[in-house]
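Q: I have a structure open and want to learn how to read it. Where do I begin?

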Amino acid sequence: MRTPALPAFSAVSSRGSTREWLIAAAGGIVLSAGLVALLRPAAPEEPTELTSAPAASSPAEAPAAPPPPATAVPAMPTADTSGLILRGIMGAAETGAAIIEFPGGRQGRFIVGRDVLPGVKLAAIEAQSVLLSNNGADVRIAFPGAEVASLTRTAQRASRAPAGDQTVAFRTGLAPRKREDGRITGFTIRAGTEMPAFAKAGLQPGDVVIGINGRAFASENEVNKLANEIAISPTIVFEYERNGRRSEARLDTSAI
């Protein structure tokens, strides 16, 4: 049986449709491959090892230079005190003052601790002399005509006297006598206290000491100075009151 032949335009149309389908399929495959490539996660990159430059080595410290050799300090030169003359003293020991005459006749008043000359300080007041510190060296200047032997004995007695102990004894053994306005007019010797200086002078408990060597004995500062004055002075004159009457008593400090 013969199959009837299809019309020519139908065959052409069928071939054209197949070609278009193949082209469309190929385009879809290419598009799918592109999408897969875009959506695939990227492979992690291999970490790159960072290398740092080697640290610069610090230069070796130079050894410290040795200290310079010690040099002896030269002694300070002493000033010339040979022309100084002692003309007067006030107070005693480390709390007084002195009048000193310089070459040419000029005089000056100096308290203990002050400079008499550059590098020369008034160090202490003694009975008939003063002690100067001349750049660390002790120099004694006496009244004109004073005996050196007497000054030496006075200085030795002062160095042996326990002034600190005596000051404590005077502070505890003397009671200030005061007026209504609070002013001190003297110091009463308390009973039961041991003060050899007063006992040797003949003073008794209850006596009121009102003067020492012509000065009013009317302040705590005078009590503090009394031990030093006894230590360096050959004689102490006490003015005192007993039963309302004033009297004087003399003390030879060499007997203490």
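A: Begin with one term. A residue is called buried when its relative accessible area is under 20%, and exposed when that value is over 50%. Keep in mind that this is a predicted model.

Q: What share of the residues in the chain is buried?

A: Of the 256 residues in the chain, 29% are buried. The accessible surface of the chain comes to about 17,600 Å². Carbon and sulfur atoms own 57% of that surface.

Q: How do I read contacts along the chain?

A: Contact means heavy atoms within 4.5 Å. Take the contacts in the chain with a separation of 6 or more: 42% of them join residues 24 or more positions apart.

Q: Now a sheet. Which order do the strands E1, E2 and E3 have?

A: Strands pair when at least two bridges link them. Here the order is E1-E2-E3, in an open sheet with antiparallel pairing. Strand E1 (85-90) and strand E3 (107-111) each have a single partner strand, so one side of each lacks a neighbour in the sheet. On average, neighbouring strands of this sheet are turned by 25° against each other, direction ignored.

Q: How many bridges join E2 to E3?

A: Five bridges join strand E2 (residues 97-101) to E3, and the two run antiparallel. For one example, Glu101 has Gln107 in E3 as its bridge partner.

Q: Where do side chains point in a strand?

A: In a regular strand they alternate between the two faces of the sheet.

Q: What do E12 and E13 form?

A: They form a hairpin, with two residues between the strands. Asn243 sits in the turn and has a positive phi of about 55°. Strand E12 (residues 235-242) and strand E13 (residues 245-252) run antiparallel, joined by eight bridges. Within this pair, Glu239 is bridged to Glu248 in E13.

Q: Let us finish with a single residue. Is Asp207 buried or exposed?

A: Compare its value with the cut-off. Asp207 has 2% relative accessibility, so Asp207 counts as buried. Asp207 lies in the loop between helix H4 (196-200) and strand E10 (208-212).

Q: What lies 2.8 Å from a polar side-chain atom of Asp207?

A: The backbone nitrogen of Gln204 does.

Q: Which residues does Asp207 touch, leaving out those up to four places away in sequence?

A: Asp207 touches Phe187, Thr188, Ile189, Tyr240, Glu241 and Arg242. Find Asp207 in the view, then trace each of these in turn.

Key. Residues numbered from 1 in each chain as written. Predicted model: local features only at pLDDT ≥ 70, side-chain atom pairs only at ≥ 80, totals over all residues. Heavy atoms only, no water. Helix = DSSP H or I, 4+ residues; strand = E, 2+ residues; numbered from the N terminus. Buried < 20%, exposed > 50% of the residue type's maximum accessible area, 1.4 Å probe, protein only. Polar contact = N/O pair within 3.5 Å; in protein donor to acceptor, adjacent residues only side chain to side chain. Axes fitted to C-alpha atoms, helices over the stretch in contact; angles between N-to-C directions. Areas by Shrake-Rupley, 256 points an atom, 1.4 Å probe, with all protein chains shown as cover.
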